[in-house]
Amino acid sequence: MASEQAVLDAHYMARAIELARRGQYTTHPNPRVGCVIVRDGQVVGEGWHVRAGEGHAEVNALRQAGELARGATAYVTLEPCSHHGRTPPCADALVNAGLARVVAAMQDPNPQVAGRGLRRLNDAGIAVHSGVLEGEARALNPGFLKRMEHGLPFVRVKQAMSLDGRTAMASGESQWITGPAARSAVQRLRARSSIVLTGADSVLADGARMTVRASELGLDPETAALATERPPLRVLIDGRLRVPLDAPFFQAGPALVVTCPGSGAATRYQQHGHELLEIPAHEGHVDLRALLESLAARGASEVLVEAGPTLAGAFAQAGLVDEYQIFVAAKFLGSSARPLLDWPLARMSEAPHLEIIEMRAVGPDWRVIAVPAKAASV
């Protein structure tokens, strides 16, 4: 049976996790972190990391607590940092404030921290405990953790399909398979992502812009304002540079265009406010793993892939997808319509196994969240 202290630790850490979620749209490239400071059974300070370059969760909570932080316990969803970045080390701030105890949900996988923050606190005579609600804390920052632990961003593939598993008519027409509620959910996925990635076929067929639109987020005005102040980088994979620079996608703001080496077109894109990135080819196409490594090196933690069956299928076949979010509409598109993934499989034994981790109604549609079975067991 859990001790009374363990129950209290879980209670206050749950509140810190709730606070951390407030930063889901704005902290890029930093992790989402929350902090609660408790003294004599009373919460005296709360904080969350709002945006990169500003105070971390611990600093914001200490500011609210003031002198009441002395002798208190701090609950933090991620190990306090111990290095100088854009802001001073949070571990030092906690030491200087006279905390008696610090409870962290998990150790920071960032090599610049990686246990040093907890050791700094322990060396200063502060009681340290780690591992409270670690699973929930890890779920806050899947991209940050993967980037730090594996050098790759977390890849989320979003698709919309009919009940018969089709994503577009044979002509390429796909607007709109799902309803407004599902489209709002997709807008929120875009807003939380570091990068929204698509392919030339989708941009040419739909005139897609891949932007975040405040009016479609379905959030309160204050949260919507936060969600749109840091738009994700829009990335277009266009191996043959087929999308013209006057397309709606390029008119919507700066973008990163990814192509194979030898295009000689970098200056032309720069003149229009865009960046051209050349990535080595693999079997005649942009090497997707090399691209993801490059994006991670730029600080990208979460990549949302919104693409047609060819590009989505390429990510799937390469084993680069961490999560599928599939929106299902109650309609049929017919046998001539396009499939969900371009992934030819000859035998049942070749079929990849997924684990469905969530299924719920979104307006008149349904959202299915699934992960590769091997990832589900980690």
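Okay, let's start with W366, which sits in strand β18, residues 365–372; strands here are DSSP runs of E, at least two residues, and helices are runs of H or I, at least four, numbered from the N terminus. Quick caveat: this is a predicted model, where local features need pLDDT of at least 70 and side-chain atom pairs count only at pLDDT 80 or more, while totals for chains, interfaces and linings use all residues. Numbering runs from 1 along each chain as its sequence is written, and side-chain values use heavy atoms, leaving out hydrogens and water.

Next, helix α2, residues 57–65, has A57, E58, N60, A61, L62 and A65 buried. Their cover includes β1, β2, β3 and α3.

Now the site. An unreviewed UniProt entry lists a "binding site" that includes A160, W176 and T310; such annotations may be inferred rather than shown by experiment. The listed residues spread over 155 residues of sequence, and in space up to 23.8 Å between C-alpha atoms.

A160 is in strand β6, and counts as buried because its relative accessibility is 16%. Beyond neighbours within four places in sequence, A160 contacts R166, T167, I177, T178 and F327, contact being heavy atoms within 4.5 Å. T310, over in helix α13, is partly exposed at 47%.

Methods: Buried < 20%, exposed > 50% of the residue type's maximum accessible area, 1.4 Å probe, protein only.
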